[in-house]
Amino acid sequence: MHTKQLGTLTSSALGLGCMGMSGAYGDTDRDESIATVHGALDAGITLLDTGDFYAMGHNELLLAEALRSTSRDSYQLSVKFGGQLGPDGSWAGFDARPAAVKASAAYSLQRLGTDHIDIYRPARLDPAVPIEDTVGAIGELVDAGYVRHIGLSEVGSSTIRRAAAVRPITDLQIEYSLASRGIEHDILDTCRELGIGVTAYGVLSRGLIGGHWTKSSGGEGDSRSIHPRFADGNLDRNLALVETLRGVAEELGVSVAQAAIAWVASRGTDIVPLIGARTRTRLVEALGAADVALNDEQLARIEAAVPAGQVAGDRYPTAHMAALDSERVAAE
C-alpha cells in the first residue's frame, strides 16, 4: 500500500469508510464487518473513518471490538461529531458548540477504547456556531493530547479559510467521485493553496457507480431509497452511464468499481479515497484499484464515460443538501 499526505499526516493511499457497517444501507453481519476491518489493516490500510452518530455510537463500538488486539500505532482514527439524532433515529441537526465538541470527544474516546483520536472533525458546519469557535475547541483537545489533527467536512472555501486562520487543518472530508465533481469548482484549489489534504468519501456514489447496483437492489432499512440518484427516472439514466463505464473498464481489464476508485485516486497525491466496503469481497475488489496504473488517455476515457454534471439527481435529499456549506456559493 502506497502512502499519501493529508496535511502533516501520512496516510495509506486508500482509507476505509466504516459507516455502512452500522446499518445505513440495510442489515449487516457483525463478524463480517470485523473481518473486513482486519482485512483492510492486513492490506496496509491505516486510515479508518467513522462518526459518533453512526447508528448512535454502534460504529465506534464495532471498531473498538475489531481493533482490540491491534497496536494503536498501526492505524489512524478519523472521527466526525456533531450529528444529532432522536431516540427514533430521526435527524435533529448539528451541534458544534465548544462544550459539545469536548463532550462528544470524551464519549468517542470511551467508546473507541483509545486515549486519542487522530483526526477529529465536525460532520457539518453548525450554522449557529462560528467555525472559529468549533476549531478553537478542537485545538484545545489537540493541546491536551486527546486529538492529533483537526479536520473539516463538507464546507466551502470561505469556511476553510476561516478555520485555517485559527489552527492548522489537516484535511477536508468531502464527497468526490465521477458522479460528484463539485469540489473541482474552487474548494480543491483552496485546500491545495493552504496545504490541506482531501479524504474523498462516496467514491462509488453509495454503490451507484460500483457496477453491482441494479433496479432491484436495496431493501428495507437501506437509506439509499431516499436519495435522488436512486429514485425512479433518475436511476435508469444513471445506470446507463454505469454501463458505458463498464464498457471502458472491461477494455482496460479492471472492474467498474476499480475504474471509479482509481480515477479519484489519480486526482492527486493529497487525495485519499475512502472505500465503503462492508464485506471482504467488496474490500478485495476495491483494494485492486491501488494497483491499477492508468495513463492520462485511459483516465480521460473513464471520465468521459460519466461526464461531469450528467448524473441525474442531487447527491443528498433536499433537506440534507441545505445543510451542506460546501454546496453554497459564497461571495469571497
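User: Are Trp213 and Phe230 buried or exposed?

Analyst: In this predicted model, Trp213 is buried, and Phe230 is buried as well.

User: Why is the pair of Trp213 and Phe230 called edge-to-face?

Analyst: A pair of aromatic rings is described by two quantities, the distance of the centres and the angle of the planes. For Trp213 and Phe230 the ring centres are 4.9 Å apart, and two rings pair if their centres lie within 6.5 Å. Their planes stand at 75°, and an angle over 60 degrees counts as edge-to-face. The pair is therefore edge-to-face.

User: Where in the chain do Trp213 and Phe230 lie?

Analyst: Trp213 and Phe230 both lie in the loop between strand S11 (197-201) and helix H7 (234-252), 17 residues apart.

User: What makes Phe53 and Tyr54 an edge-to-face pair?

Analyst: The ring centres of Phe53 and Tyr54 are 5.2 Å apart, against a limit of 6.5 Å for a pair. The planes meet at 75°, and the cut-off for edge-to-face is over 60 degrees. The pair is therefore edge-to-face. Ring pairs also link Phe53 and Tyr54 with Trp91 and Phe94 into a cluster. The protein has 6 aromatic pairs by this rule.

User: Why does Phe53 count as buried, and why does Tyr54?

Analyst: Buried means under 20% relative accessible area. Phe53 has 13% relative accessibility, so Phe53 counts as buried. Tyr54 has 10%, so Tyr54 counts as buried too. Across the protein, buried residues make up 55% of the 332 residues.

User: How do you know that the radius of gyration agrees with a compact globule?

Analyst: For 332 residues, a compact globule would have a radius of gyration near 20 Å; the value for the protein is 19 Å, which agrees. Along the principal axes, the C-alpha atoms fill a box of roughly 55 × 50 × 40 Å.

User: What share of the contacts between residues at least 6 apart in sequence joins residues at least 24 apart?

Analyst: The share is 77%.

Key. Residues are numbered from 1 along each chain as its sequence is written. This is a predicted model: local features need pLDDT of at least 70, side-chain atom pairs count only at pLDDT 80 or more; totals for chains, interfaces and linings use all residues. Side-chain values use heavy atoms; hydrogens and water are left out. The radius of gyration is taken over C-alpha atoms; the globule rule is 2.2 Å times the number of residues to the power 0.38. Buried means under 20% relative accessible area, exposed over 50%, partly exposed in between (1.4 Å probe, protein chains only). Contact means heavy atoms within 4.5 Å. Rings of Phe, Tyr and Trp (its six-membered ring) pair if their centres lie within 6.5 Å; planes under 30 degrees apart count as stacked, over 60 as edge-to-face and the rest as tilted. Helices (H or I, at least four residues) and strands (E, at least two) are DSSP runs, numbered from the N terminus.
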